[in-house]
Every structure is written in C-alpha cells, then in structure tokens.
Amino acid sequence: MTAYEIEKSNPGSPQIQIEDDRTGMNLDTIKRAFLDNLFYIQGKDREDASPYDYYVALAYTIRDRLLQRFLQTTSTYKKEKVKLVCYFSAEFLMGRQLGNNLVNLGIDDTVRQAIAELGLDLDELIEQEPDPGLGNGGLGRLAACFLDSLASLEIPAIGYGIRYEFGIFYQLIKHGFQIEVPDNWLRFRNPWEIPRSDETVEIKLGGYTEAYRDPQGKFKVSWIPDRTAIAIPYDTPVPGYKTNTVNPLRLWKAEASEQFNFEAFNAGNYDSAVAEKMNSETISKVLYPNDNTPAGRELRLAQQYFFVSASLQDLVRIHLKNHDNLDDFHEKIAIQLNDTHPAVAIAELMRLLIDENSYEWVQAWGITQKTFAYTNHTLLPEALERWSVDLFGKILPRHLEIIYEINRRFLENVKTWFPGNEDLLASLSLIEEGGEKKIRMANLACVGSHSINGVAALHTKLLKQDTLKDFAALWPEKFINKTNGVTPRRWILLSNPKLSQLIIDTIGEKWPKNLDEMRSLEKFVNDADFCRRWRDIKQENKQILADYIEKNQAINVDINSIFDIQVKRIHEYKRQLLAVLHIITLYNRIKDNPDVDIYPRTFIFGGKAAPGYFMAKLIIKLINSVGEIVNKDPDVRGRLKVVFLANFNVSLGQKIYPAADLSEQISTAGKEASGTGNMKFAMNGALTIGTLDGANIEIREEAQPENFFLFGLTAQEVYDLKASGYNPMDYYRSNPELRATIDRIANGDFSYGDPDFFKPIVDSLLNDDRYVLLADYQAYIECQEKVSIAYQDQDNWTKMSILNSARMGKFSSDRTIREYCEEIWKVKPVQIEIPEYNPNNFK
C-alpha cells in the first residue's frame, strides 16, 4: 500500500503530505529531485560535477514543475476552445530563465535554502546560464515582458519567433573599438526548450507560379517553389507570476527538407551533398544578418517569411483540430505584429486561405483584416521596412502577386473615396514607385490590420500627424495608443531583491501583480528610518555594480559619486554623443582650473552598435577614448570616471538599473517611440534627466515635474528650428564652452593627436547635426548642474527617488496588456486548475 493510500484509508491519522518528485515544491522534494537530475540527466555524481552541471540539474528540476502547469494550461485551452493571442516578433530578448522562473513560481526562497543545504550557491548557478541574445534591444525585451504579463494575467497566448542559432553578436571592446564575435548561446543544450519534431511544417521559397482552373472551373494559382525548408518548433514554457498559467514561446528552427544528397556524395560532389542542408539552416542561423549586401537582404526576407509562414500554418492546424473550417479563424486567433518584420504574414494568411483552403478573395480579406493588429515602433522614415519588388518576387513570387492585388483593390476604393487625389494614392500605395520599385511593409500592415497602435502618447500622436498621417485620416478609428510597460517581476523583484524586500516589509506583497500598490510608499517619504534603508540599499546596489566594473574593466569607481548611466542601443538619435560632450565640458573646466568645484560623477555607458553602422561604432570609440584620457589624468583626482560596459544584455541590465542614481533619456524630441529602459530605471529609484520624448513625457507626468530633470527642445520646436534653416555653426561660434569642447575632439586630444580620426563626428555636428545636439547643448549642461546640486541634498534626493518608484504603476506591462486585451484583442483571462497529486493516476 502506498503512503497516499495509507493516508486516505486512515482519515483520522495525522496528515502526510505526499509530493511527486517531478512536481513537488517542498524543500526535501526539491533537493531529492535536483540530485536525481544531476545523476540521471547530467550523468555526474557530486564529486565530478561542475557548476554548469549543477545549473543544468537545477534547470531540469524547475522545468519539471513548469511542465505540469504547461500541459494543464494547453489542455484547458483546448477544452474551453479559447481565443488565443499570438504575438509575432522577430525578437524575444528573454534573459536568463532560471532566476525568473523561481520568482514566478514563488519558490525562490525554498530553492535557495535547498541549494545552500547542499553546500552550493544559487547565485553562482544562475550565472552559469547563457543569456540568449535573441534580440537587439527594446523591441525584443518588450516582447519578453509582454509574454510574462500575458501569463501572469492568465491570458491564453503564444509567442512566435525564430530560434536563432547565433543571437545578436557578443560585443567585445578592444582598444576602444567594438568587436563583434558570434554569440553561440546554444553551444551547450538549452534545458528550458522542448523540441516538437512531430509538429514540423514545410516552408516554400523561390520558384514561380502557375494559374489554372480546377475541375469546378474556379480560377486557382499554384506556387511551384525552387526550394523548401523544414520549420521545427521548440517550445519554451513561460510561467505567470504566482498563477498556474504557463504559456509557450514557440521558436522555429530551419532545417533542410533533404539532409543529405547521397547521389551527389557518391559522385564525389561532397559539398553539393550537404549544400541544401547548409542553405536551409542558414535561415535561422543568426539574428539580423547584415543587409548591406544583396545576399544579406535576401536572407533577412527569407527569415521573416520563414517564421510567419511556419506560425500561420501552425495556427491553421490548431484551429482545424476543433473547427470544420476557417470561417471563424479571426474569432479564435488574435495576431499582434510587433513592428513590420512579420508584416508579410498578411499576404501569407491570404495565400493560405485562397490557395490552400479555397476561400474567395472578399471573405479571405475580411478574415485577414480581423485577425491582425499592428504595433508601430518607429518614427524614423528610414526604419520603415521597404523591400525591392525584384528581390521580393524572387523569394516570394506568389506573395508579390497577392500584394499587388491587395494594393489594386485598396487603391480602387481610395479613388472612389477621394477622386482625383493622385498625391494621396501615391502616399497610401503599398508600392513605392520611382527608380527601384519597393514594397512598403508599414503600408501593408496598416491596410491589412484592424488596429494600429503606437507605444507612447507622443509617438501615437506623431504617427497620426506625420509618419502615417494619410492612413490616420483614412481610418482614424484604427489608431490607438498603447504606452509600453515592463514587467516588475524581472525588473524589481528579481533585479533588486533587497529593495523588493523593503517594499514587501513596508506595504505587503500585492504590488508585483498590481504595481499601483506602490503608491502606498508615498506616505513613507518623511519616515527617517525608511529613507535611510532605501538609501543604504541604493549604496549596496552601487557597490555590486562597482565590483563588477572593477572585475571586468579594471576601473575603480567611487560609490559615493553620482552614477550617471546611459545604457541602450547605440544610435545617433539616442544622443550618447551629447553625454560625451558633457563629460568633455567638465574635463575642460578641470583643465582650466584643477580646483574647480565639481561633484564626483561616474559616467556609465553600455549598448551595441549595428555592425554596419559606422557612426555609432565611432561614438563607442570616442566614449572609450575620452575615458582613457579622463580616467588617468591626475588633475581630475577621481572626480570624473568614464566606463563603457561591454556586451550590455538583460543580465547586465539587472545589475545596472538598481544601481543608477541618474537615468539618461536624452534622445532628440520626436525620435524615440517610447523607451522602456527609462521605466526600469525609474522603478528602481533613479531620477531621470531627459527630453520631452517618447514615454519620458508620461513618466514626468506620473512622477511630477519637480522629480524629473527636464531640458531641451520639444518635438514641435525641433521641427520649427529645422524649418527655419537650422545652422549648427551658429551655436558653435556663439558658445565658447561648446566650441572648446568640440575643438578638443577636432584637435585630436582623444585620438593621439590625429585630428582626422574623429573628423566624421565633428563634421556631422558642425555641418548637419541632424539630431540638434548643439541646439540642446547649453540647456543640457545647465540641467546637469541642477542634478549635481540636487544630489548633494541626500535627504531630498532620497524622497525624489522614492516618489519616482512609487509612481511608476502605469508602466507595468500588466497595464499595457490589459489594455490590449480589452481594446484590441477582445480576450478574457482563463483560470488554470492543477489537479491534486494522486500517484494512482499514473498506474
């Protein structure tokens, strides 16, 4: 008789808690399961196990506990025939899974104790996990935050993307230059993913089309590809915070339909024998291949089509399991396009409906438009994807035909609505005419979606006024704002455990699921003990980052200095260069008067530049060159330190955000869609210096103006300045301190006396200054002086820090997802019930 049976047959006896070793959550069960996995999965005993072996054993132990919930979640969705949210994104920057899964399962303390009792350090094991670089910045991290919130809010959902073998490159800094090396995150197995080889789909590429009539006389088109690839899904369980919901992130790997050509091998053509395998697997080889070459552009388009075709075929398969046809596909599937990368999905769904399932055009188009919603992430015209018609037709000949037909029907309607308006037709057309014809993917997304959203209030306003103004005039009801958010589970609970514990001790445990609860902290801003503890935790977090900097950069930084931090993708519009001009200005003041009163600052930068982006890479070099001079100059006497942290990623962000005193959000007004780093900094008590750009505006509204350091031109003022004939030389000539700052770069002071080395930066500033750095320079310098003065009043600075954290409830991704659910996707939560463990169920 089992212990379970003994317990049930003796109801009066003391309760014995019986747990399955695969799913149990108590201390002894977790220890036993961990050691079993070390032995039976890693094949190691404790004498031979490495820290990585222990990490893998623990990962499988936690994955077991996820899988019970994962399978129950999937079963419930099937049984209840729920409407499913499908998030299509070329990037998912998930970060390390182990720590996050422990937090969301609510067993982090138990597991930490279990591991400690075995003589191990949980933090050391967490550090063994690779940080998958399946994204380049905010776009991919937003997608990850959204998956966390979808599961935490119990929303039926699935994320779809690509399982890149090599993610965004690993960034090294050598002699101040960015060096890109492969990010081989899969060199060891990934214990979190589950391959689903039985659910593969075939992807067609290239070839040509043939029109014909079927036996019933209906006009049909057949696509005859010249090659195919196989898409294999890998599922990663994504748990919600203290819920039973575990949703999948499904990433597709490309393989050849024919792995090995035996005939070619026997003929001595050894390269040809594996050529198809190599060509097919290239599709999912690397995130964002360099598209400066025709081959790179072809590969990037093939990547985009590969994952949306695989995902849509998967969704059609899922739908037809429970339905006779696809008539109500849009009532059961809501697809969100995360920017234009997956926009070709609109043409692909039309192909699947018309060519594969015999739908008439009008009905197919109605289903398609009701299925898709489009999130725009950029105001920069050059960032709106356009594909050469010739290239598109070479890779996707059938989709080119479909896009032309969508465009023909759409423009016929526009001609009817606005007769004689040729300029409007040219603006709205999916095809950009002129020298080389191009397909405008943003226009396709607008026409093929029922909803179009920006990601901050200003961003959405500018989309309607400028970037997509003609679509907004045509369909104002489609446009809606959804200000971005970030998950407080990863970005406070996991990243800042000491601050999290202080908040829990002070206001309770509800805030991770309802960040508005943080407002309750406001009443403690005058509590001397609470403020002291808040300030002490900030210093401890600064020490953690300082230790990391000393270990990895060999730079000693003062934790009593202002930690002034700017970490994000390196781009001219984000204006890392403006922060460099500030550093040089302070350095000039010291050189002019070594005894000048300057409050100590540590300037910390991090971020990657696109491999083909020359100016961004030169800015990285300038930051490091300035640091090399400033950090070693005895006149500086430690008052200024400059640090560039290599390979900024999610895990490094978890050290940086809690340690920041000042968050630099200084993009040119009207250029940043939203920004999410600004939210992570503010949640962790950093004060923001920034322009009225992106979500900065809403952060300032929530924190209140007195707790935000504002400077710079507004978006309208930038527009007016340029319209009036902006001349950056006027600012250079009229401002001696600015002139001295630029001259120090131009004279070669940071390039071993070579005046030509940074000449592209100097020429850009003086002759063009597209992002109006010189126009904003003086306001920025003056605002930074206010920061230095404010920081010296530590009591008031601490109050401002607390209020910033307390008032960031709006910027939880939970709020964003609730709005999507209510206003765009029309979906409701579904509770998942986990049955009580009964060993007899397995007999």
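How many aromatic pairs does the count come to in this structure? The count comes to 25 aromatic pairs, where rings of Phe, Tyr and Trp (its six-membered ring) pair if their centres lie within 6.5 Å.

A word on the ground rules. This is a predicted model, in which local features need pLDDT of at least 70 and side-chain atom pairs count only at pLDDT 80 or more, while totals for chains, interfaces and linings use all residues. Residues are numbered from 1 along each chain as its sequence is written, and side-chain values use heavy atoms, with hydrogens and water left out.

## Rings and charges

A pair of aromatic rings is described by the distance of the centres and the angle of the planes. Take tyrosine 52 and tyrosine 55: their ring centres are 5.7 Å apart and their planes stand at 50 degrees, so the pair is tilted. For the naming of such pairs, planes under 30 degrees apart count as stacked, over 60 as edge-to-face and the rest as tilted. Both tyrosines belong to helix H3 (residues 51–80), where being three residues apart separates them by about one helical turn. Helices here are DSSP runs of H or I with at least four residues, strands are runs of E with at least two, and both are numbered from the N terminus. Tyrosine 52 and tyrosine 55 are each buried, a label for under 20% relative accessible area; exposed is over 50% and partly exposed lies in between (1.4 Å probe, protein chains only).

Elsewhere, Tyr87, Phe146, Tyr820 and Trp825 make up one aromatic cluster. Rings also meet charges: the charged end of lysine 608 sits over the ring of phenylalanine 169, 5.3 Å from its centre. The rule here is that NZ of Lys or CZ of Arg is within 6 Å of the ring centre and within 35 degrees of the ring normal. In another case, the charged end of lysine 542 lies over the ring of phenylalanine 563, 4.7 Å from the ring centre.

## Two helices

H23 (residues 528–553) has 26 residues, which at 1.5 Å a residue should span 38 Å; its end C-alpha atoms are 36 Å apart, which agrees. That expected span is 1.5 Å times one less than the number of residues. At the start of H23, a side-chain oxygen of aspartate 527 comes within 3.0 Å of the backbone nitrogen of aspartate 529. After H23 comes alanine 554, with a positive phi near 60 degrees.

Helix H14 (residues 361–371) has Trp361, Ala364, Trp365, Ile367, Thr368 and Thr371 as its buried residues. They cover an arc of only 160 degrees around the axis, which puts them on the same side of H14; the arc is taken from the directions from the helix axis to the C-beta atoms. On the face turned away from that buried side, H14 carries the exposed residues Val362 and Lys370. The partners of the buried residues of H14 include helix H12 (329–332), strand E11 (333–338) and helix H16 (397–417). Contact here means heavy atoms within 4.5 Å.

Histidine 330 lies in H12 and is buried, with a relative accessible area of 14%. Leaving aside neighbours within four places in sequence, histidine 330 is in contact with Lys83, Ile367, Lys370 and Thr371.

## Residues in loops

| Residue | Relative accessibility | Class |
|---|---|---|
| Asparagine 735 | 15% | buried |
| Phenylalanine 811 | 0% | buried |
| Alanine 610 | 39% | partly exposed |
| Asparagine 647 | 10% | buried |
| Glutamine 704 | 33% | partly exposed |

Phenylalanine 811 is in the loop between helix H34 (794–806) and helix H35 (813–825). Not counting residues up to four places away in sequence, phenylalanine 811 touches a set of residues including Thr483, Val486, Met679 and Ile699. Asparagine 735 sits between helix H30 (728–734) and helix H31 (736–746), and touches Tyr777 and Gln778 when residues up to four places away in sequence are not counted.

Most residues other than glycine have a negative phi. Asparagine 647, in the loop between strand E20 (640–645) and helix H26 (650–656), has a positive phi near 55 degrees. Glutamine 704, in the loop between helix H28 (696–703) and strand E23 (709–710), has a positive phi near 85 degrees.

Conventions: A polar contact is a pair of N or O atoms within 3.5 Å; within protein, one must be able to donate a hydrogen and the other to accept it, and residues adjacent in sequence count only if both atoms are side-chain atoms.
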